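The sequence and structure are shown first.

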Amino acid sequence: MTDELWRPYDRMAAEFLAHAEDGAYNAHYDRPTVLELLGDVSGLRVLDAGCGPGLYAEELLARGAEVIGFDASTAMVDLARSRVGDRAEIRVARLDAPIPYPDDSVDVVLCALAIHYVADRHATFAELHRVLRPGGAVVLSTQHPTTDWLRKGGSYFDRTLETDAWSMLSGRHEVQFWREPLSDLCAAATDSGFVIQRLVEPRAPEIMRDRWPAEYDKLAQRPGFLALRLLAVP
Ligand SMILES: C[S@@+](CC[C@H](N)C(=O)[O-])C[C@H]1O[C@@H](n2cnc3c(N)ncnc32)[C@H](O)[C@@H]1O
């Protein structure tokens with residue numbers, strides 16, 4: 001089903017966690033970039049949208065944030081809950097449906113590596129804008145559409161449902177995601193009441209040169225992910 005692209009995460013949640021805790025792309029490429037864009041979150045109410053196994057939620061709690069979060073995958077929500085206990089309220093909810101929080105109720109939304117599973121990004125950004133207080137921020141990361149287009153071919157300008165095959169110990173998982181031009185992602189945000197404060201195409205950190213030299217060389221040529229900081233305007 002093209003509207004339930006999180007399903008593979010239900011089947012590989014524990015393996016994703018084991019990989020993401022110290023993996024090159026999650027722990028050393030995505031998280032440092034996103035945490036730097038989030039800045040000081042102490043005392044802020046942060047919504048972790050598409051929270052996965054709760055690695056970000058745990059880090060945000062350690063940085064003094066009040067954290068709430070959700071994910072469509074019940075297996076991921078179970079992992080996140082066992083990681084953060086009663087220190088954060090984690091729910092099952094979808095990024096591509098009305099999200100179960102009141103208007104103007106959070107200071108910051110974090111959405112890491114999840115928006116590319118959503119078909120209608122306008123609707124998602126509208127919901128994130130609704131729950132943010134005026135002047136609040138969204139920090140999101142996503143797969144870089146240019147790199148995905150180089151990997152997959154076809155027209156860069158087409159909106160395409162792509163498939164990657166992830167080999168895990170439990171077997172092969174087909175993970176589908178939406179590839180769209182970068183301008184469409186930016187327009188979905190700006191049409192929904194956000195201005196773009198920063199756009200980051202991260203560089204591979206030095207730690208990757210020794211531990212994952214092939215990935216380091218790849219990321220020296222083209223970005224794997226991109227990250228945005230968006231400001232909610234009324
Ligand atoms: C690559 S993982 C990232 C998890 C976490 N944000 C992190 O960076 O560690 C993508 C997550 O997005 C979730 N996801 C995918 N589609 C979703 C949707 N429509 N609504 C909510 N969560 C979704 C998946 O279940 C998965 O946990």
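## Helix α6 and its surroundings

In this predicted model, helix α6 spans residues 145–152, and its buried residues are Pro 145, Thr 147 and Asp 148. Viewed down the axis of α6, these buried residues fall within an arc of 160 degrees, so they line one face of the helix. The elements that cover them include strands β5, β7 and β9 as well as helix α7. Among the covering elements are those in the table.

| Element covering the buried residues of α6 | Residues |
|---|---|
| β5 | 132–143 |
| β7 | 171–179 |
| α7 | 182–191 |
| β9 | 225–232 |

After α6 comes Gly 153, which has a positive phi near 80 degrees.

## Leu 169

Leu 169 sits in the loop between β6 (160–168) and β7. Is Leu 169 buried or exposed? Its relative accessibility is 88%, so Leu 169 counts as exposed, the cut-off for that class being over 50%. The C-alpha atom of Leu 169 is 7.9 Å from that of Glu 15, although the two residues are 154 apart along the chain.

## Helices α1 and α4

The axes of α1 (residues 7–22) and α4 (residues 74–84) come within 7 Å and cross at roughly 40 degrees. The two helices are therefore oblique to each other, and their crossing is right-handed. On the α1 side, the contact involves Tyr 9, Asp 10, Ala 13, Ala 14, Phe 16, Leu 17 and Glu 21. These meet Thr 74, Ala 75, Met 76, Leu 79 and Arg 83 in α4. By class, the contact of α1 with α4 has 8 nonpolar, 1 polar and 3 charged residues.

Terms used: Residues are numbered from 1 along each chain as its sequence is written. This is a predicted model: local features need pLDDT of at least 70, side-chain atom pairs count only at pLDDT 80 or more; totals for chains, interfaces and linings use all residues. Side-chain values use heavy atoms; hydrogens and water are left out. Buried means under 20% relative accessible area, exposed over 50%, partly exposed in between (1.4 Å probe, protein chains only). Helices (H or I, at least four residues) and strands (E, at least two) are DSSP runs, numbered from the N terminus. The arc is that of the directions from the helix axis to the C-beta atoms. Contact means heavy atoms within 4.5 Å. Axes are lines fitted to C-alpha atoms, for helices over the stretch in contact, and angles run from 0 to 180 degrees between N-to-C directions. Angles under 35 degrees count as roughly parallel, over 145 as roughly antiparallel, 65 to 115 as roughly perpendicular and the rest as oblique. A crossing is left-handed if the near helix is turned anticlockwise from the far one by less than a right angle, and right-handed if clockwise. Ala, Val, Leu, Ile, Met, Phe, Trp, Tyr, Cys and Pro count as nonpolar, Asp, Glu, Lys and Arg as charged, and the others, Gly among them, as polar.
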